[in-house]
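Trainee: Please take me closely through one part of this protein. Then set that part in the whole chain.

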Amino acid sequence: VASSRPRRSTRTPGQPWTMTPWRSCPATITLIGLSILLTAVCVRGFDRDRGPLEFQMRYEPVMNHLTIVTITERDDGVGAIVRGQFWRLVTPIFLHFSILHILFNMLWLRMLGGEIEARRGLYRFAGLVLLIAVVSNTGQYAATESPLFGGMSGVVYGLFGYLWMKQRLDPASGMSLPPSCVLVMLGWFVLCWTAWAGPSPTGPP
């Protein structure tokens with residue numbers, strides 16, 4: 001049974017990076033499972049007009065309860081949250097809008113999330129994910145004023161930043177990034193924000 005207590009890494013300097021075993025990161029696996037399940041129940045089919053790998057989403061009966069504000073009553077703003085639907089600050093992270101969107105997010109979540117969870121413990125990792133989710137979701141909604149966004153990208157980049165700083169400032173923690181991760185993550189971030197890679201995979205256009 002996986003422990004919720006943090007542990008120090010046995011990885012020594014110069015030792016090749018290896019992925020954390022599945023049994024050591026139950027919260028990470030739970031996040032992956034919820035993302036796949038909740039995305040699947042919200043998918044109606046494929047949107048051929050946007051691309052062969054893009055999902056056509058079904059707003060009811062599930063998705064409208066997971067977006068940061070209701071899609072059908074978006075003029076209500078944050079009213080639903082104020083009235084006690086606080087889960088909306090977090091649940092957009094589970095919605096994905098294409099096969100590539102969910103595939104790459106789950107891959108990075110498995111690698112980065114597993115690395116942190118195994119060394120900081122289940123509860124600290126869960127708290128970190130919740131904090132990043134709330135900040136990234138509210139930030140995106142404030143910037144776009146649209147509830148049509150989702151995905152684990154904000155959490156993944158938050159975990160990436162956390163690991164990067166730990167690796168540089170606290171090497172004794174034993175936490176580190178996979179090889180070439182910094183180059184790939186920063187490169188993809190620039191590509192998405194400059195639109196060189198097409199529409200950003202954070203939600204429908």
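Mentor: Two residues touch, or are in contact, when heavy atoms lie within 4.5 Å. This is a predicted model, with local features needing pLDDT of at least 70 and side-chain atom pairs pLDDT 80 or more, while totals for chains, interfaces and linings use all residues. Numbering starts from 1 along each chain as its sequence is written, and side-chain values use heavy atoms, without hydrogens or water.

Start with Leu95. This residue sits in the loop between H2 and H3. Helices (H or I, at least four residues) and strands (E, at least two) are DSSP runs, numbered from the N terminus. Is Leu95 buried or exposed? Leu95 has a relative accessible area of 0%, so Leu95 is buried. The cut-offs are under 20% for buried and over 50% for exposed, with partly exposed in between (1.4 Å probe, protein chains only).

Now look at what surrounds Leu95. Leaving out residues up to four places away in sequence, Leu95 touches Thr39, Cys42, Met63, Leu66, Thr67, His101, Gly150 and Gly151. Pick out Leu38 as well. Leu38 and Leu95 are 57 residues apart along the chain, yet their C-alpha atoms are separated by 6.7 Å.

Cys42, one of the residues that Leu95 touches, has 0% relative accessibility and so counts as buried. Cys181 is buried too, because its relative accessibility is 2%. In general, a disulfide is a covalent bond between the sulfur atoms of two cysteines. This structure holds zero disulfides, counting pairs of cysteine sulfur atoms within 2.5 Å.

Next comes Asn137, in helix H4. With 4% relative accessibility, Asn137 counts as buried. Not counting residues up to four places away in sequence, Asn137 touches Ile68, Leu89, Val90, Pro92, Ile93 and Phe149. The C-alpha atoms of Gly150 and Asn137 are separated by 8.0 Å, and the two residues are 13 apart along the chain.

Stay with H4 and look at its partners. Take H1 as one of them. The axes of H1 (residues 26-42) and H4 (residues 122-144) come within 9 Å and cross at roughly 40°. Axes are lines fitted to C-alpha atoms, for helices over the stretch in contact, with angles from 0 to 180 degrees between N-to-C directions. H1 and H4 are therefore oblique to each other. Under 35 degrees is roughly parallel, over 145 roughly antiparallel, 65 to 115 roughly perpendicular, and the rest oblique. H1 brings Pro26, Ala27, Thr28 and Leu31 to the contact, and H4 brings Leu122, Phe125 and Val129. By class, these residues are six nonpolar, one polar and no charged. Nonpolar covers Ala, Val, Leu, Ile, Met, Phe, Trp, Tyr, Cys and Pro; charged covers Asp, Glu, Lys and Arg; polar covers the others, Gly among them.

H3 is another partner of H4. Helix H3 (residues 99-120) packs on H4 at an angle of about 135°, with the axes 6 Å apart. H3 is therefore oblique to H4. On the H3 side are Gly113, Ile116, Glu117 and Arg120, which meet Leu122, Arg124, Phe125 and Leu128 in H4. This contact has four nonpolar, one polar and three charged residues. Leu122 and Phe125 of H4 meet H3 and are also part of the contact with H1.

Some loop details deserve a check on screen. Glu60 and Pro61 are joined by a cis peptide bond, with omega about 10°. Pro61 belongs to the loop between strand S2 (55-57) and helix H2 (79-82). Glu145 is not a glycine, but its phi is positive, about 55°. Find Glu145 in the loop between H4 and helix H5 (153-169). Glu145 is exposed, because its relative accessible area is 65%. Ser180, also not a glycine, has a positive phi of about 65°. Ser180 lies in the loop between H5 and helix H6 (181-193). At 52% relative accessibility, Ser180 counts as exposed.

Finally, step back to the whole. The protein has six helices and two strands, in the order α-β-β-α-α-α-α-α from the N terminus on. Of its 205 residues, 43% are buried. Among contacts with a separation of 6 or more, 70% join residues 24 or more positions apart. The protein exposes about 11,200 Å², with 65% of it from carbon and sulfur atoms. Areas come from the Shrake-Rupley method with a 1.4 Å probe; for residues, only the protein chains shown count as cover.
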